[in-house]
Amino acid sequence: MSEVIAPTRTPAFEARLKKRYAAEKRFKALGLGAVGFAVAVLLFLLGTMFANGIGGFQRTVFEVPIDFSRVGLSVPDTDNDSVIIRSLQSQGLPEIVQFAAEETLGAEGAAQVNSQAWRDVAAQIIADPTIIRRGATFELPTSEDLASAFAGDGKRDLQPLARDLAERGLLVDALDWGFMQRSDATDPQLAGIWGALMGSILTMIVTLLLAFPVGVLAALYLEEYAPRNRWTDLIEVSINNLAAVPSIIFGLLGLAVFLTIFPGYRSAPIIGGMTLALMTMPVIVISGRNAIKAVPPSIRDGALAIGASPVQVVFHHVLPLALPGILTGTIIGMARALGETAPLLLIGMRAFVSTPPSTFTDNATVLPMQIFLWSDQIDRGFVERTSAAIIVLLVFLLLMNGLAIYLRNRFEKKW
Amino acid sequence: MSPAILLLLAIGLGLAGWLVARSRAWKFRASAPGGRLPSLPVYHAWYAGLWVGVPVLLFAAIWNAVSPGLILSHVLSSPGAQDIPAFGMQRDAILSQARAVAEGNADRVLLPEAQALVEPFREALTLYSWMGLAATLVIAIAAGIWAFSRLKPQFAARQHVERWVSVTLLLASLVAILTTFGIFITLVFETVRFFGMVSPVDFLFGTHWGPDPMAAADRPDGSRYGAIPLFWGTLFIGAIIAMIVAIPIGLMSAIYLTQYAKPGVRKWIKPALEILAGVPTVVYGYFAALTIAPAIREIAISAGIANASSESALAAGLVMGVMIIPFVSSMADDSIAAVPQAMRDGSLAMGATTNETIRRVLVPAALPGIVAGIMLAVSRAIGETMIVVMAAGYAANLSANPLEAMTTVTVQIVAMLTGEASMDHPATLSAFALGFVLFIITLALNVVALRVVKKYREAYE
């Protein structure tokens, strides 16, 4: 038997095949490269934020022991913190702190204790009043200048002092829980995000209260009731368009309409929430319609067959079955609203807010806006604080998206 | 009375009506033959609750809008109000101080003229809050009586309540139309006002952009309102640089993930790309300004370009491209997946390699969907604000050099509206004209893209 050679496998064919296979490999590598690039950028972005942000959760402090047994402070018997702080101030707490700092750090070091450091001491005294009978070692925030000198830049003449104090173990970077509890400040050592976080929460509550009912009801109407006519088409087209309109346009609407009707509420969560609700509502309508569409007609037919009215069919059967899908869409829409900055910039939610808002009409700012405001500051402390705020924002978004994925997997039925 | 109290009152009165009507319906039921009513007791309850709650709520809304004016006119008619200035900041300050003291929000007035107004204010506030409360109660009782007079055992309460529900559903869906019209009318109205001051020709075809918010508002210099540099910057950053990054990478990732990647890899990579889409734009902006822009500047300087600026179109465009990757990729993914499997199998059966199948069969077949996806991505990119605000800068440059600072339509909207100019100044109004242009362009892109997608989808079904 002689060997059978396929007549097509000529040397020219073999060469061509090799070339084609090489092209195949190149193409595949290109695809892998594209995916790799996208993932690498994501990792680089997150990595940069975390590398910078770690420092933002810390601040530079002096370790200073203060002995209160010699001075005889007294804490007034009241629950009102601001009264206690005022009383401690009038009893000379700031001077006591300054004196103790001088004893430990020397005059040059004590000059760099943050002017608001005594407030931290006062807060600890309020938390545990027995301190004033014994004393303790306190972490006093340093001035902005010394903090950047300690980090290796800023004013050159402070760097030897920072090095010296650090060698003696008096100057350290300590975890700063206050970052989550304080509000905006001009000094990065004293800045925190609680005010912005509170503003975000209030704004999101308004957005949710407005966008969720309207979005769900509109989705129900369009899927279950709407007659097929021009009006319905118009509603559908306008919802689809609203979902695609750039967010800044909603800011223009909020500025021209909401702030004209309610001129007194500039930079209040209620106006911000209303503006974001207009933006979030189409997202909820679109995802709601998909969830309602996924409920099989047999459910409706069954309910109608045993005598339920159309409204009962919708509210007793369709809506509960579609709710997990609607909630998933709502959370995703809310996550988008939480990260939104541009429309709020136009309606004036960019004020310097140093006290956390407590009602819907207080002056407020939101977390992304705080990031934007801080990003303008060139100070190294603020660079770290900005990245730390970004980490907090990303954690919130991740939690919301995780919740949406969990809801989808846990409750969504496949029919 | 504060809005919160009126709201609570409306809810409380409605709830009272609800409870009373329900217990009455239970009584009807007990005495009805066979223990059955045409409507369940809960529908009786809702009928009464809605009839009480909704009118009160409407009244509360109207009262809230009207009562400040009534209070003010009451105060102004008092003798102490004859001396205050007729308009201006002084007048507002006097009135707001007197009001704050009258409401108990402040201890004392700072302006002496305000002292005479404290008492009239206090009087008016008390008077009108009692009037509001009385009117609320009258309305609630009247509506309640009307509702209860109709609630008979044989009353078809369910049908009536369901009519309320239908109307509510319709109203909710009209909010979308209202918003669209609101946007459109606002933009058109302010744009027309702007074009009354600056000629549209100057605006659309002028090549110099530099509105002066401090200049006199009545005779603006039209040559400073040429928006061509903004349109160019928007196009250059959003439609050129960003797309040079996003189209190849988005498309290739979609192809790799749908055609090559193992399910295990796909399961992890797809969510990672979605995270990229979920990162807030302010974070991208910060990333661009803090990391990418300085890096580009360093590279440019080491390449011998001495005056590279720290804000550049390139930095903003690159980061925006990264942001857009997931959009392009997911649209391409969808349209490639929509190509019938038979076409792919046919090509492979003819001996084509995978990449030949993709390039010669799948991508051409999916092209309309991919193009539509790219159009949506472009509309997304040109409407993006924070990245360009933070990284591209405010200087209007008409240049093709990606290393120069450039500004976009969205940046200038922000700049014009966060400045000090008043709402009637042409510089402020120009922001609305820019917004109108942006709105029209993104709308057109979206409408065309959706048309293309629809047409294409039908071709294979």
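The following questions and answers concern a predicted model.

Local features need pLDDT of at least 70, side-chain atom pairs count only at pLDDT 80 or more, and totals for chains, interfaces and linings use all residues. Residues are numbered from 1 along each chain as its sequence is written, and chains are lettered from A in the order in which they are written.

Q: Is Ser267(A) buried or exposed?
A: Ser267(A) lies in the loop between α10 (247-261) and α11 (269-293) of chain A, helices being DSSP runs of H or I of at least four residues, numbered from the N terminus. A residue is buried if 20 or more other C-beta atoms, placed from the backbone, lie within 10 Å of its own, exposed if 12 or fewer, and partly exposed in between. Because Ser267(A) has 21 such neighbours inside 10 Å, it counts as buried.

Q: How are α10(A) and α11(A) oriented to each other?
A: The two helices pack at an angle of about 135°, with axes 9 Å apart; axes are lines fitted to C-alpha atoms over the stretch in contact, and angles run from 0 to 180 degrees between N-to-C directions. Angles under 35 degrees count as roughly parallel, over 145 as roughly antiparallel, 65 to 115 as roughly perpendicular and the rest as oblique. Therefore α10(A) is oblique to α11(A).

Q: Which helix of chain A gives the most to the side that touches chain B?
A: The contact (C-beta atoms, placed from the backbone, within 7 Å) takes 62 residues from chain A and 64 residues from chain B. With 17 residues, the helix that gives the most to the side of chain A is α1 (residues 11-56).

Notes:
Contact = placed C-beta atoms within 7 Å.
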